[in-house]
Amino acid sequence: MQTAQKRETGPTFAFEMDCRRSGYRVIAGIDEAGRGALAGPVVAAAVVLPADMSQEHIELIDDSKKLTAGQRERAFDVIRNYASAHGVGVVPADRIDELGIVPSTKLAMRDAIGSIRWRIDFLLIDAVTNIGIATPSKSIIRGDSKSLSIAAASIIAKVTRDRIMSDDLEAQHPGYGFAQHKGYGTVAHMEALQKFGPSPVHRRAFKPIAQLIADKSWAVLSATSASNIASRGEMNLPKGLGLNAEEAAANHLRQLGYRIIDRNYKTRHGEVDIIAKIGAEWVFVEVKGRSSTKFGRPIEALTPAKLHRIENVALAYLASEVGSKIVDWRIDFVGVMRSPDGRSLDFEIVRNAHY
């Protein structure tokens with residue numbers, strides 16, 4: 001412990017020592033990386049450092065943002081080799097879109113803690129509060145510059161995420177430059193997005209990506225890699241529409257004056273693809289995409305049973321959002337079809353669909 005006090009600048013063991021004086025023994029530092037990125041996962045790490053860690057190793061550990069890539073790599077290896085325990089949690093982009101970035105960050109932190117088999121007595125967390133775990137904890141603003149355990153976690157999280165972006169996502173989605181900008185909103189990244197549209201690992205709920213989809217109608221290209229689009233020199237639609245049909249429909253509805261409120265809302269009764277408003281009227285939209293008429297027009301999928309389920313979902317949603325207040329609402333249907341030449345989409349809209 002005396003060696004830890006020799007350090008005059010940067011993170012120290014001061015918070016950990018306070019915890020030990022209060023009777024806690026196994027103390028983990030928690031931090032995340034990638035919270036503000038436009039693409040890729042959010043990664044959290046939990047690190048338990050030994051109380052007798054050498055001064056040589058302590059000097060290598062600092063807030064990951066203050067270290068060069070080479071310094072982070074060296075510190076990463078030291079932490080992995082000499083930490084008493086460490087764990088990592090990774091939440092991908094599609095889950096971030098579903099939950100939101102703050103709940104996703106907390107989920108990654110819980111997963112990181114859960115991957116450590118030891119019973120942790122106390123958590124020192126960088127900035128985030130109420131992560132949904134019963135273990136006693138303390139949230140520390142700029143904790144990665146104050147606590148050695150949090151700083152160590154920041155390094156593990158940052159290097160792990162950088163490797164995912166550089167090694168995995170760069171190979172899977174070439175053309176975006178993930179190895180260079182790691183998914184953050186740099187000028188080069190935004191230029192690639194304007195050229196290729198969002199990839200499947202872009203966070204579509206984040207405003208810059210959502211706005212790009214709305215402005216450019218890039219949603220129908222999301223399942224096609226940037227490299228394939230570039231090599232063809234044209235913008236053919238992917239063979240399967242799937243969720244792309246929903247995004248194309250949402251973009252088309254925006255152009256018609258619909259204000260999109262929610263997407264893929266699920267209850268025990270079922271799911272509705274799009275929830276929107278036109279003026280004060282709520283609109284619950286079912287979307288069906290088909291690549292051809294081989295199995296009939298999209299509207300033929302709108303059965304009475306499907307309408308009944310949507311109605312139940314709509315009523316459940318309205319009950320949670322407006323309570324007993326009487327509001328106007330309806331069910332709309334949007335069919336999404338390829339044009340005969342296969343290079344664009346045709347839309348079929350049925351307003352106020354009923355049994």
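**View 1. Tyrosine 317 counts as buried, because its relative accessibility is 4%.** Buried means under 20% relative accessible area, exposed means over 50%, and partly exposed covers what lies in between (1.4 Å probe, protein chains only). Please keep in mind that this is a predicted model, where local features need pLDDT of at least 70 and side-chain atom pairs count only at pLDDT 80 or more, while totals for chains, interfaces and linings use all residues. Residue numbers start from 1 along each chain as its sequence is written, and side-chain values use heavy atoms, leaving out hydrogens and water. Tyr317 belongs to one aromatic cluster together with Tyr265, Trp282, Phe284 and Trp329.

**View 2. Tyrosine 176 and phenylalanine 196 form an edge-to-face pair.** Rings of Phe, Tyr and Trp (its six-membered ring) pair if their centres lie within 6.5 Å; planes under 30 degrees apart are stacked, over 60 edge-to-face, and the rest tilted. That rule gives seven aromatic pairs. In this one, the ring centres of tyrosine 176 and phenylalanine 196 are 5.9 Å apart and the planes meet at 70 degrees, so the pair is edge-to-face. Tyrosine 176 sits in the loop between α7 (148-172) and α8 (178-181), and phenylalanine 196 in helix α9 (residues 187-196), so the pair ties together parts 20 residues apart in sequence. Helices (H or I, at least four residues) and strands (E, at least two) are DSSP runs, numbered from the N terminus.

View 3. Two strands pair if DSSP finds at least two bridges between them. Strands β7 (residues 270-278) and β8 (residues 281-290) run antiparallel and are joined by five bridges. Which residue of β8 stands opposite isoleucine 275? Phenylalanine 284 does. Contact means heavy atoms within 4.5 Å; axes are lines fitted to C-alpha atoms, for helices over the stretch in contact, with angles from 0 to 180 degrees between N-to-C directions.

**View 4. Another open sheet has five strands in the order β3-β2-β1-β4-β5, again with mixed pairing.** Here β3 (85-91) and β5 (137-140) are the edge strands, each pairing on one side only. From one strand to the next, the twist averages 20 degrees. Four bridges pair strand β1 (residues 27-33) with strand β4 (residues 122-126) in the parallel sense, and isoleucine 27 has phenylalanine 122 as its bridge partner in β4. Helix α2 (residues 14-21) lies across β1, β4 and β5, at about 155 degrees to β4. Helix α7 packs on the sheet too, touching β1, β2 (42-48), β3, β4 and β5, with its direction at about 40 degrees to that of β1.
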